[in-house]
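Please keep the sequence and the structure in view while reading.

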Amino acid sequence: MSYPFQIKTYEEYQRAYKRSVDDPEGFWADVASSFSWRKRWNKVLDWNFKEPHVEWFSGSKLNITENCLDRHLLNLGNKPAIIWEPNDPEEHHRVLTYRNLYDKVCQFSHVLKNNGVKKGDRVCIYMGMIPELAIAVLACARIGAIHSVIFGGFSAQSIADRLQDAKAEYIVTCDGAFRGAKDIPLKNVIDDALIACPFVKRVIVCTRTRTPVSMIKGRDVWWEDEIKKVETLGLNHFEAEEMDAEDELFILYTSGSTGKPKGVVHTCGGYMVFTAYSFVNVFQYTPGDVHFCTADIGWITGHSYILYGPLASGATTLMFEGVPTWPDAGRLWQIVDKYKVNVLYTAPTAIRSLMGFGLEPFEGTDLSSLKVLGTVGEPINEEAWHWYDEHVGKKRCPIVDTWWQTETGGILISNMAGVTPAKPAHATLPLPGVQPILVDENGVEVTGNPAAGNLCIKAPWPSIIRTTYGDHERCRQTYFSTYENLYFTGDGALRDADGNYRITGRVDDVLNVSGHRIGTAEVENAINMHAGVVESAVVGYPHDIKGQGIYAYVICQDMHTDESHMRLDILQTVSRIIGPIAKPDKIQFVSGLPKTRSGKIMRRILRKIAEGEKNNLGDTTTLLDPSVVEEIAEGKL
Ligand code: PRX
């Protein structure tokens, strides 16, 4: 497979960038030409950020799975599409060639159809990292159903909220999932979620852990039985549904500054073009390379750079079921060695955690196949960057620091491996087609370099968020109303003298814990659900491994139990309501919170205290009761 849009030199990057700004429609039409369309577009781009309304490749018809599977069959049919490494290194790995994957996606498309799923229906997928997860996602796309993958670490309550918001009537899940030493009972969690979701018609359950599960007559069916039925009927090829470029491909829920996660919607055409374009260019993918992204498919990184980007490029993508530190901290290096991985894409939190194990886990592993390293999800500190460079890349592999978001669908700011210069802790330059600007508090552009400000994007790229599911006004308010005619990212950034961007982190009430996005309001709501809690306030604080930790200040009515039990009960409540990923790292019981006279909590002060900067709290004179601050600052955890 060749990539006519691949940029190979810095000069080509500069030329491509200029053209993408001067003539975006011509630029993207050229890129899109190398994909397979059933019908070409009438217009490349139609947009305004006021409503917002963004339409790419309108009038065109395609199916993304024909681009990810069918078109590769002739030349790449026997090449590995997915290499799957199980949680337990003793278990056999699996390799699915493009032909195998195509066959299995067709089969499961028949299964979905036989179970009543139609174009436009929402299908919730709650599975561990096994090939059947990829198959389920692609089968949804093939039949035109909208998939909504939910990460295995979310609770029944979170799943129920998402099912209700998406009005999803179909679920694909597993009996359980293996993750490190843990065995997560996925189907049980789904059963709990479904108590609040009587509208769910069908649950397809794939076998993985063989944990006992309840199977409800008329609602629950086994994946394997359904496949057998399709085989008995001799059903093979499944004719892909013809989709409009702007038909919805998937919904992915993400946290914002309000209590309720929102369903970010991506559509078929633009998402396909941009994920493949960015995949090939950022990682400088060469046919035959093995690409290993360690994310979970429950997050956007897994959607775009384990599945759609690599598969649309005919790449070999490695899917790993487990975690980097089990059974030991050498697991990732052993995988790199075993499959001769060429590109390794992971999160700073994983790097920092592995740094803590020293160099012993590298012993006996050969990492010489690595060509490119990548990071994503949070700012990478220089120490972690240098460790990654020295001990993993042996100073021969460019590191791409890729900045993007669930809403952007693909990488927007990053160096391109070996093509544009890297700078430690800097995402560096925008990809062609991406026009970032920095603005001050009033929305006035900060020009010149160096500069600092809030990061916005001036014009749409093909995989920009189209709406928030079921609530377009929320999309407008969240991203397009803060600054007129700009997409606001929620991040702050610096720009150095050479125009390189350094993302400094969220400027809103969103935390980034181990690269997972968690809203402070969401955690507060969950804490406040505890019967003994009156009020709470949650802030982030710097955490050596997680990047940010969660610090909760909690006011209790009366302690029926001692503090340590109360703490554990609160953690359990948060686990139940959101999931274990949102459990606070620290809980401080307080008798009041610092509020302004209008009743607003002054988080700035709480943040300073959580950061340990108790002597530098700034102006507290506008507080209703400044004495509260002293009590909190002196308080113990
Ligand atoms: O704050 C930025 C941070 O992660 C946020 C997006 O989170 P999410 O939608 O979960 O997507 C994560 C994976 C794309 C951003 O607003 N972020 C992501 N990548 C970087 C980053 N911060 C600094 N540097 C990055 N490379």
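How many bridges join strand β16 to strand β17? Strand β16 (residues 290-293) and strand β17 (residues 316-320) run parallel and are joined by 3 bridges. Within this pair, Phe-292 has Leu-318 in β17 as its bridge partner. The model is predicted: local features need pLDDT of at least 70, side-chain atom pairs count only at pLDDT 80 or more, and totals for chains, interfaces and linings use all residues. Residues are numbered from 1 along each chain as its sequence is written.

Helices (H or I, at least four residues) and strands (E, at least two) are DSSP runs, numbered from the N terminus. Two strands pair if DSSP finds at least two bridges between them.

**The sheet**

**The ligand shell**

The ligand is surrounded by 22 residues, the closest being Trp-403, Gln-405, Thr-406, Ile-503 and Arg-517; a residue is near a molecule if its C-beta atom, placed from the backbone, lies within 6 Å of it. At least two residues of the shell come from each of α11 (300-312), β20, β24 (487-495) and β25 (501-506). Domain 1 (10-437) and domain 2 (452-506) each provide at least three residues of the shell, the domain bounds coming from an automatic or database domain assignment.
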